[in-house]
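Thanks for making time this morning. I would like to walk through the charged side chains of one structure and then turn to a helix, so let me put it on the screen.

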Amino acid sequence: MLAETNRVGVTTNSVMARKLGLKYSTAHRILMVLTDLDLLRHDDLGHQFVLAAGVRQLSAGFHDDKLVDQIARPRMLEWTRKLGLPVLLVTEANNQLCVRASTDTNWSASGERHVAGNGLPATRSCEMTLFHAYRNRAPVGARAAALRHAGYICRVRRLQREVHVSVPVIVSGELMACLSMRGALLYSARAAALQRWIVELQALASDIADSMN
């Protein structure tokens with residue numbers, strides 16, 4: 001309905017019902033829900049609907065499609081083919097984490113399965129810790145400074161027998177996203193193998209960032 005209203009500019013309940021093959025009552029109910037959500041505006045006098053300001057917020061924080069579609073995703077797929085490990089690209093907005101791209105499927109390496117569009121728990125997560133560490137330009141605390149110096153964060157979840165690793169993707173001095181590996185295979189890996197994977201993940205992050213600059 002939003003796409004059709006955007007195409008024609010102004011519409012009515014009967015026109016929308018006919019266009020989408022809906023009952024009049026069903027179309028009306030949906031249109032009024034969209035109105036309540038400030039996605040449509042209803043003109044009581046002319047019984048017409050037009051797009052409202054709320055539609056501008058639907059894509060808030062997602063002005064980086066070039067990063068995701070043209071640059072990050074193909075490099076992530078190639079990285080996974082080479083190393084056999086799933087990797088996630090995660091962004092942050094309003095203290096919430098969102099998976100923007102993923103090569104995570106039913107890999108034995110992954111105890112959890114994450115796909116593009118999924119949210120991630122932000123509390124005590126590697127990704128949110130990195131975003132906090134890079135957020136302020138002012139002098140940072142010792143912990144944030146140590147994370148910036150290391151260029152990655154690694155946490156062990158012993159109850160889940162998993163390791164989570166995240167590295168920053170920094171474009172023009174700003175943290176744009178995180179690349180993350182999560183899974184049981186990391187938990188069972190030898191320290192040398194885990195460190196090699198971290199170095200490979202940092203190289204992937206640098207390749208993505210260099211392509212954005």
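Which residue has its charged end over the ring of Tyr134? Before I answer, a word on conventions: this is a predicted model, in which local features need pLDDT of at least 70 and side-chain atom pairs count only at pLDDT 80 or more, while totals for chains, interfaces and linings use all residues. Residues are numbered from 1 along each chain as its sequence is written, and side-chain values use heavy atoms, with hydrogens and water left out.

The residue is Arg148, whose charged end lies 5.3 Å from the centre of the Tyr134 ring; the criterion here is NZ of Lys or CZ of Arg within 6 Å of the ring centre and within 35 degrees of the ring normal.

Tyr134 is also one of the buried residues of helix 5, where buried means under 20% relative accessible area, exposed means over 50%, and partly exposed is in between, with a 1.4 Å probe and protein chains only. Helices are DSSP runs of H or I with at least four residues, numbered from the N terminus. Helix 5 covers residues 126-135, and because eight of its ten residues are buried, it is largely enclosed by the rest of the structure. Among those buried residues are Cys126, Glu127, Met128 and Phe131.

Let me move to the salt bridges, each defined as a side-chain nitrogen of Lys or Arg within 4 Å of a carboxyl oxygen of Asp or Glu.

In one, Arg75 meets Asp207 with an N to O distance of 3.2 Å. Arg75 belongs to helix 4 (residues 65-83) and Asp207 to helix 8 (residues 191-212), so this pair ties together parts that are 132 residues apart in sequence. Arg75 is partly exposed at 27% relative accessibility, and Asp207 is partly exposed at 33%.

Another joins Glu200 and Lys82, whose closest N and O atoms are 3.3 Å apart. Since Glu200 lies in helix 8 and Lys82 in helix 4, that contact ties together parts 118 residues apart in sequence. Glu200 is partly exposed, at 22% relative accessibility, whereas Lys82 is exposed, at 55%.

Glu78 is partly exposed at 45%, while Arg81 counts as exposed at 61%.

Technical notes. Helices (H or I, at least four residues) and strands (E, at least two) are DSSP runs, numbered from the N terminus.
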